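This report describes a single protein chain for a reader who is new to structural description. Please keep the sequence and the model in view while reading.

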Amino acid sequence: AQTDKAADLAAKKENVDRGLSPPALATLIDLFTKLGFLLRQPGDYVVVLRKRLTKSHRSRSKTWEFHLLVWSMNPAVAFRQVAGEVRSVVLTSGTLAPLDSFALELGT
C-alpha cells in the first residue's frame, strides 16, 4: 500500500516540476515511511549499514556499494497493517505450530 502511494506521488507532474525526479521522490517517500515505523516502535527494528565490493562486468573494475537497511525483527509490525485492512487472513504453512505462540508473535 505504501509503495503504491509512493509511485502515485512520484508520477504526478507537479512533483517533477519542483525538481524531484520520480525515482528520487519514490526513494524519499520510502525512506520516510521506514523512518516513521522505526520511530513509532524503535525496539522492533535493527538498522544496518552494509558495505559490499562489487565487480563491473564491462570495465572489470571494483567499486564499493553502501546500503542502509532497516530490518523488522517483529512480524506483528507488518501483520498489524494487513490485519487492519481486511476482514480475515488465512495463513498456511507446515511450521506454524504451536499456534498459540504464532498468534502472539503476530500480535493477535
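The sections below move from the whole chain to its strands, and then to selected residues.

## Basis of the description

The model is predicted: local features require a pLDDT of at least 70, side-chain atom pairs count only at pLDDT 80 or more, and totals for chains, interfaces and linings use all residues. Residues are numbered from 1 along each chain as its sequence is written, and side-chain values rest on heavy atoms, with hydrogens and water left out.

## The chain as a whole

The chain contains 5 helices and 2 strands. Helices (H or I, at least four residues) and strands (E, at least two) are DSSP runs, numbered from the N terminus. Read from the N terminus, the order of the elements is α-α-α-β-β-α-α.

Of the 108 residues in the chain, 17% are buried. Here, buried means under 20% relative accessible area, exposed means over 50%, and partly exposed lies in between (1.4 Å probe, protein chains only). The accessible surface of the chain is about 8,800 Å², and carbon and sulfur atoms hold 59% of that surface. Such areas come from the Shrake-Rupley method with a 1.4 Å probe, and for residues only the protein chains shown count as cover. Among contacts in the chain with a separation of 6 or more, 35% link residues 24 or more positions apart; a contact means heavy atoms within 4.5 Å.

## The two strands

Strand β1 (residues 45-55) and strand β2 (residues 62-72) run antiparallel and are joined by 11 bridges. Two strands count as paired if DSSP finds at least two bridges between them.

The charged end of K51 sits over the ring of W64, at 4.4 Å from the ring centre. This description applies if NZ of Lys or CZ of Arg is within 6 Å of the ring centre and within 35 degrees of the ring normal. A search of the whole structure for aromatic pairs finds 0. Such a pair would need rings of Phe, Tyr or Trp (its six-membered ring) with centres within 6.5 Å; planes under 30 degrees apart would be stacked, over 60 edge-to-face, and the rest tilted.

## T54 and E65

T54 lies in strand β1. T54 counts as buried because its relative accessibility is 16%. Leaving out residues up to four places away in sequence, T54 touches S61, K62, T63 and E65.

E65 belongs to strand β2. With a relative accessible area of 29%, E65 is partly exposed. Beyond residues up to four places away in sequence, E65 touches R50, K51, R52 and T54. The C-alpha atoms of E65 and R50 are 8.0 Å apart, although the two residues are separated by 15 residues in sequence. The side chains of E65 and H67 also form a polar contact of 3.1 Å. A polar contact is a pair of N or O atoms within 3.5 Å; within protein, one must be able to donate a hydrogen and the other to accept it, and residues adjacent in sequence count only if both atoms are side-chain atoms.

## N74 and helix α4

Where is N74 found? N74 is in the loop between β2 and α4 (75-85). N74 is buried because its relative accessible area is 19%. Apart from neighbours within four places in sequence, N74 is in contact with D44 and E105.

Which residues of α4 are buried? They are A76, V77 and F79. These buried residues pack against α3 (22-40), β1, β2 and α5 (99-105). F79 counts as buried because its relative accessibility is 15%. The C-alpha atoms of F79 and E105 are separated by 9.6 Å, and the two residues are 26 residues apart along the chain.
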